[in-house]
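Here is a short tour of a few residues and surface features. Have the model open beside you as you read.

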Amino acid sequence: MRARDVFTDRRPDCEVEIREIQFNGPYGPLRTGEVDLQISEFPVREPDLTQGPVLFEEPRALLVPSTHPPAGRESVCPADLASAPLITFTAEFPVYRLDLHLPARTPGGRPIARGPVVRYWPADQGIRVRAAGRG
């Protein structure tokens with residue numbers, strides 16, 4: 001929303017519509033011209049897309065059911081990811097982004113199990129799978 005405010009201040013002649021782009025096709029609306037500009041997290045390694053500057057940074061979070069062991073901790077480390085299967089996304093999600101968000105191994109080499117596959121994130125489907133303790 002901050003980026004929208006800055007943009008509209010600088011370009012009041014442009015119409016801005018905020019839309020959520022799902023992980024199951026993160027660049028489709030941009031490629032088809034359905035949207036003209038997309039704010040997306042790095043990395044973006046798509047030869048047909050041009051990246052602009054970093055607008056802001058956000059911390060990452062691990063979402064788990066309240067009964068899961070890491071739930072009460074103030075922080076977790078990448079090695080903790082081996083403690084439960086990670087919910088994964090459909091095959092349409094770029095592999096390099098999947099590897100970033102859902103690595104196959106911890107930095108120490110322990111395997112990280114892949115859990116249920118969801119199409120939409122963090123929409124209802126992802127929330128229900130997490131709440132059920134399945135990932």
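## A histidine in a loop

His68 sits in the loop between H2 and E1; helices (H or I, at least four residues) and strands (E, at least two) are DSSP runs, numbered from the N terminus. At 18% relative accessibility, His68 counts as buried (under 20% relative accessible area is buried, over 50% exposed, in between partly exposed, with a 1.4 Å probe and protein chains only). Leaving aside residues up to four places away in sequence, His68 touches Ser83 and Ala84, where contact means heavy atoms within 4.5 Å.

## About the model

This is a predicted model, in which local features need pLDDT of at least 70 and side-chain atom pairs count only at pLDDT 80 or more, while totals for chains, interfaces and linings use all residues. Residues are numbered from 1 along each chain as its sequence is written, and side-chain values use heavy atoms, with hydrogens and water left out.

## A glutamate in the loop

Glu58 is found in the loop between helix H2 (28–32) and strand E1 (86–89). Because its relative accessibility is 63%, Glu58 counts as exposed.

## The start of the chain

Met1 belongs to the segment before helix H1 (2–10). With 59% relative accessibility, Met1 counts as exposed.

## A charge over a ring

Arg2 lies over the face of Phe56, 5.2 Å from the ring centre; the criterion is NZ of Lys or CZ of Arg within 6 Å of the ring centre and within 35 degrees of the ring normal.
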